[in-house]
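Reader: Got a model open here. Can you walk me through a few spots?
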Amino acid sequence: MSMTGDHLPMTTDGHAQRFTLLRPLLFTIAYEILGSATESDDVLQDSYLRWAEVDLASVRDTKSYLAQLVTRQALNSRRASARRREEYVGPWLPEPLLLAEGDASTDVVLAEAVSMGMLVLLETLLPEERAVFVLREVFGFDYDEIATAVGKSVAAVRQVAHRAREHIQARRQRFGPADSARTAELTERFMTAATTGDMAGLLSMLTPNVTWTTDSGGKVSAIAARAQGARRVAEILVGLFPVMRAIAGVRIETMTYNHDPAIAISFDDRLEAILVLEIADSAITDLYVLRNPDKLAALTIPRNITRGEADVD
């Protein structure tokens, strides 16, 4: 049985109807906790099977009930994948999303929450801290609802939320919404400088401590797993893009993933890599490179995400 994307098992009962209405929200919750679209799909499938056994007459608030159910399943999934994360070859980056056109584009909080920079930062929290933080700060659930979801007292959840919030605020570089026009202009200038080998142009757009991180999963080659500093990162770009541009069958284009600007590199119409740009104060602070073919394969599915309400009761 598959529930990949927005598909549910073929049924028309009340369980499926309620779950379908809330699916974008539930997927977003799972993704915020896991940083993986593939794992989030699995969580939603497991959650639906449990939901299908619930007596609907006993459910007073479907949204709260399903959010708690999905949170518990996501935490179980995160614990189960802990060993795989520890044994992962090289840096692990969140699995990007190809968002449905215009999806949640006006929701500034959601755009920030699913940005690659925020997802990378969320990885520095413990799983339960992460769940508490996103349920409270992103989705606005009450402390008692969160307490039920994570199996802690309300007092403990308040402490965890406070600690996680301080942790994130102390490390997050971006504050407030990004200027979309300025971001687009900077991305185009970056694209031109990278593909033409313009070292000076690249250095003018990179912060002094810019970072480069490549997630290959040990399955494909990577020029550099990690690098830091404007000069070193610019050297990597100058050594990569002009060469790629000269290869027959290679296509380099600007894209958007997770509401972030990105560069996609394809060979014979097969996606080989994406480079996601993290921008703050009109400069590039981080570059995240996805090379793991398993993660790139998931990018073909447009995703619907939301923080919003759904009238299901």
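Reader: Start with Ser282. Is it buried, exposed or partly exposed?

Author: Quick note: this is a predicted model. Ser282 counts as partly exposed, at 38% relative accessibility.

Reader: Where does Ser282 sit?

Author: In the loop between β6 (270-280) and β7 (283-290).

Reader: Buried or exposed?

Author: Buried. Asn258 has a relative accessible area of 1%. The cut-off for buried is under 20%, so Asn258 qualifies.

Reader: How do β4 and β5 pair?

Author: In the antiparallel sense, over 8 bridges. β4 covers residues 250-257 and β5 covers residues 260-267. The hairpin has 2 residues between the strands.

Reader: Which residue stands opposite Ile252?

Author: Ile265, in β5.

Reader: Which ones are they?

Author: Tyr143, Glu145, Ile146, Ala147, Ala149 and Val150.

Reader: And what do those residues pack against?

Author: Three helices: α3 (62-80), α7 (127-138) and α9 (154-171).

Reader: What follows α8?

Author: Gly151 does, and its phi is positive, near 75°.

Reader: Now cavities. How many of 30 Å³ or more?

Author: The structure holds 1. About 30 Å³ of space lies in the largest cavity.

Reader: Which residues line the largest cavity?

Author: Ala67, Gln68, Thr71, Leu135, Phe141, Glu145, Ile146 and Ala149. Glu145, Ile146 and Ala149 are also among the buried residues of α8.

Reader: Which helices each supply at least two lining residues?

Author: α3 and α8.

Reader: How does the lining divide by residue type?

Author: Into 5 nonpolar, 2 polar and 1 charged. Glu145 is in that lining, and Glu counts as charged.

Notes: Residues are numbered from 1 along each chain as its sequence is written. This is a predicted model: local features need pLDDT of at least 70, side-chain atom pairs count only at pLDDT 80 or more; totals for chains, interfaces and linings use all residues. Side-chain values use heavy atoms; hydrogens and water are left out. Two strands pair if DSSP finds at least two bridges between them. Helices (H or I, at least four residues) and strands (E, at least two) are DSSP runs, numbered from the N terminus. Buried means under 20% relative accessible area, exposed over 50%, partly exposed in between (1.4 Å probe, protein chains only). Contact means heavy atoms within 4.5 Å. On a 1 Å grid over the protein atoms alone, a cavity is a set of points where a 1.4 Å probe fits but cannot get out, and a pocket is an open set with protein on both sides within 12 Å along at least five of seven lines; lining residues have an atom within 4 Å of a point. Grid points are joined across faces, edges and corners, and a volume is the space filled by probe spheres set on the points.
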